[in-house]
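Here is a short report on how one chain folds and packs. Look at the sequence and the model first, then read on.

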Amino acid sequence: QTFFTVFVRRSTMQLINRFGPLIGRVLIALIFVWAGFGKLTGFAGTVGYIASQGLPLPQLAAIAAIIIELGGGIMLILGWHARLAAAAMFIFTGVAAFIFHAYWAVPAEMVQNQMIHFMKNISMMGGLLFVVVYGSGALSLDKSGSAK
C-alpha cells in the first residue's frame with residue numbers, strides 16, 4: 001500500500017466518523033418530522049383516523065403523536081437529548097407498527113402494503129436503537145460519541 005492509499009482511506013473514515021452520525025440522525029428523523037407536521041396541519045383527519053382504529057382519546061393520541069414525531073424528530077436532528085428522543089420514538093414506532101400496520105388482520109388486497117409499512121417501522125426502530133445505544137455523535141448538541 002502506498003502512502004496515498006493509506007491517507008485516503010484514513011481521511012475517508014475520519015469524514016465518515018465525523019459526519020456519519022449527523023447524516024444518519026437526519027435521515028432517520030426526516031420521516032418523523034414530515035409525518036408530525038402532516039398530523040399537525042391535518043389534525044382533524046389524524047384524529048379521525050386514530051378514532052377509526054378504535055383507540056380511546058383520539059385527540060390526546062394525536063397530540064402525543066405530534067409531540068413524539070415532530071418534537072422528537074427535531075431533537076434527533078439537533079442531537080439534543082437524542083437518546084431520550086430516540087427511545088421515545090422507538091417505543092412509539094413499535095406501537096404504531098402493531099396498531100396501524102397489522103398486516104395479519106387486513107383483507108388480502110391490503111396485506112402487502114401493510115406488511116411493507118410494518119417492516120419499515122421495524123427497520124426504523126433499528127436506526128433509533130442505534131442512537132439510543134451509541135448516542136448522537138460529535139456534531140450534536142449532546143456531543144455524545146459513545147455509550148454512557
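Tyr-103 counts as partly exposed, because its relative accessibility is 23%. Here buried means under 20% relative accessible area, exposed means over 50%, and partly exposed lies in between (1.4 Å probe, protein chains only). This is a predicted model: local features need pLDDT of at least 70, side-chain atom pairs count only at pLDDT 80 or more, and totals for chains, interfaces and linings use all residues. Residues are numbered from 1 along each chain as its sequence is written, and side-chain values use heavy atoms, with hydrogens and water left out.

**Aromatic rings**

Stay with Tyr-103. Its ring pairs with that of Phe-118 in an edge-to-face arrangement, with 5.4 Å centre to centre and 70° between the planes. Rings of Phe, Tyr and Trp (its six-membered ring) pair if their centres lie within 6.5 Å; planes under 30 degrees apart count as stacked, over 60 as edge-to-face and the rest as tilted. Tyr-103 lies in the loop between H4 and helix H5 (108-134), while Phe-118 lies in helix H5, so the pair ties together parts that are 15 residues apart in sequence. Helices (H or I, at least four residues) are DSSP runs, numbered from the N terminus. Phe-118 is buried, because its relative accessible area is 8%.

A second pair joins Phe-98 and Trp-104. Their ring centres are 5.8 Å apart and their planes stand at 50°, so this pair is tilted. Trp-104 is partly exposed, because its relative accessibility is 48%. Ring pairs link Phe-98, Tyr-103, Trp-104 and Phe-118 into a cluster. The structure holds seven aromatic pairs.

The charged end of Arg-18 sits over the ring of Phe-19, 5.9 Å from the ring centre. That description applies if NZ of Lys or CZ of Arg is within 6 Å of the ring centre and within 35 degrees of the ring normal.

**Helix packing**

Now turn to the helices. Axes are lines fitted to C-alpha atoms, for helices over the stretch in contact, and angles run from 0 to 180 degrees between N-to-C directions.

| Helix pair | Angle | Axis separation |
|---|---|---|
| H2 (residues 43-52) and H3 | about 115° | 8 Å |
| H3 (residues 58-78) and H4 (residues 82-100) | about 145° | 9 Å |

H3 passes H4 in a left-handed crossing. A crossing is left-handed if the near helix is turned anticlockwise from the far one by less than a right angle, and right-handed if clockwise. From H3, the contact uses Ala-65, Ile-68, Glu-69, Gly-72, Gly-73, Met-75 and Leu-76. From H4 come Ala-82, Ala-85, Ala-86, Ala-88, Met-89 and Phe-92. Contact means heavy atoms within 4.5 Å. These residues divide into 10 nonpolar, two polar and one charged. Ala, Val, Leu, Ile, Met, Phe, Trp, Tyr, Cys and Pro count as nonpolar, Asp, Glu, Lys and Arg as charged, and the others, Gly among them, as polar.

H2 and H3 cross in a right-handed way. Phe-43, Thr-46, Val-47, Ile-50 and Ala-51 of H2 meet Pro-58, Gln-59, Ala-61, Ala-62, Ile-63 and Ile-66 of H3. Nine residues of this contact are nonpolar, two are polar and none is charged.

**Two buried residues**

Is Glu-69 buried or exposed? Glu-69 is buried, because its relative accessible area is 6%. Glu-69 is found in helix H3. Leaving aside neighbours within four places in sequence, Glu-69 is in contact with Phe-32, Val-33, Ala-35, Gly-36, Lys-39 and Phe-92.

Val-131 is in helix H5. Val-131 is buried too, with a relative accessible area of 5%. Leaving aside neighbours within four places, Val-131 touches residues including Arg-25, Ile-28, Leu-76 and Ala-82. The C-alpha atoms of Val-131 and Ala-82 are separated by 7.1 Å, although the two are 49 residues apart along the chain.

**Loops with a positive phi**

Most residues other than glycine have a negative phi. Leu-57 is not a glycine, yet its phi is positive, near 50°. Leu-57 lies in the loop between H2 and H3. Leu-57 is exposed, at 56% relative accessibility. His-81 also has a positive phi, of about 50°, although it is not a glycine. His-81 lies in the loop between H3 and H4, and at 40% relative accessibility His-81 is partly exposed.
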